[in-house]
Amino acid sequence: GRNMAVKSQAVLQNANPSPPLYLLSWRACNFCMAFFFALAAYVQINDPDAGIWIVAYVIPAALSLLVGFNPPITDNFIWRSLSELHMYMCSMVAILWGWWLHRASKNNIFQEEEGREFLGLIIIVIWTLLCRHSGKHLGGFRLSIAVLITVLPFITWLYYYINKELRASWPDHCRNTI
């Protein structure tokens, strides 16, 4: 009885070797990214192809929110299947957009709507990759990348918001967002 309880406790401790601060930081990053993806979905409302982009951002928002509440959910079959399917679809569109941007010889891709869409897809793919198996394997390197990826979109968004001259050549539906 007592020996079995000690072994069970050892198994539980080894199942989640991440320090509590790592886990708390990981959960905070997921909540922030859920907010970012939800905000990205919201600003699509006046885009001509809004439906596609709203779905593209709502899915990682929901997946990130779930990871924020329960990090081991990444081992759930439904979570894993949905995230992998979405990641593959976003990867394919990102490859097409990247090829188009390269062929069009765009100098500043962030001045093009497709360039910003491309960056959004790259963020979705990287974040989804970071979330995979994070319930089991959460180390300092993954967490460091997660913090960087979490901060980068907010800084970029703030930079474009402050520098209105950068948005001057954007289409109306892009200029009139948050």
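Trainee: In what order do the elements of the protein chain run from the N terminus on?

Mentor: The order is α-α-α-α-α-α-α, that is, 7 helices and 0 strands. Helices (H or I, at least four residues) and strands (E, at least two) are DSSP runs, numbered from the N terminus. This is a predicted model, in which local features need pLDDT of at least 70, side-chain atom pairs count only at pLDDT 80 or more, and totals for chains, interfaces and linings use all residues. Residues are numbered from 1 along each chain as its sequence is written, and side-chain values use heavy atoms, with hydrogens and water left out.

Trainee: What makes α2 roughly antiparallel to α5?

Mentor: Helix α2 (residues 20–42) and helix α5 (residues 113–131) pack at about 155°, their axes 12 Å apart. Angles over 145 degrees count as roughly antiparallel (under 35 roughly parallel, 65 to 115 roughly perpendicular, the rest oblique); therefore α2 is roughly antiparallel to α5.

Trainee: Which residues make the contact?

Mentor: Contact means heavy atoms within 4.5 Å. On α2 the residues are W26, C29, N30, M33, F36 and F37, and on α5 they are I123, I124, W127, L130 and C131.

Trainee: How do the residues of this contact divide into nonpolar, polar and charged?

Mentor: There are 10 nonpolar, 1 polar and no charged. Ala, Val, Leu, Ile, Met, Phe, Trp, Tyr, Cys and Pro count as nonpolar, Asp, Glu, Lys and Arg as charged, and the others, Gly among them, as polar.

Trainee: What percentage of the protein chain counts as buried?

Mentor: Of its 178 residues, 36% count as buried (under 20% relative accessible area; exposed is over 50%, partly exposed in between; 1.4 Å probe, protein chains only).

How values were computed. Axes fitted to C-alpha atoms, helices over the stretch in contact; angles between N-to-C directions.
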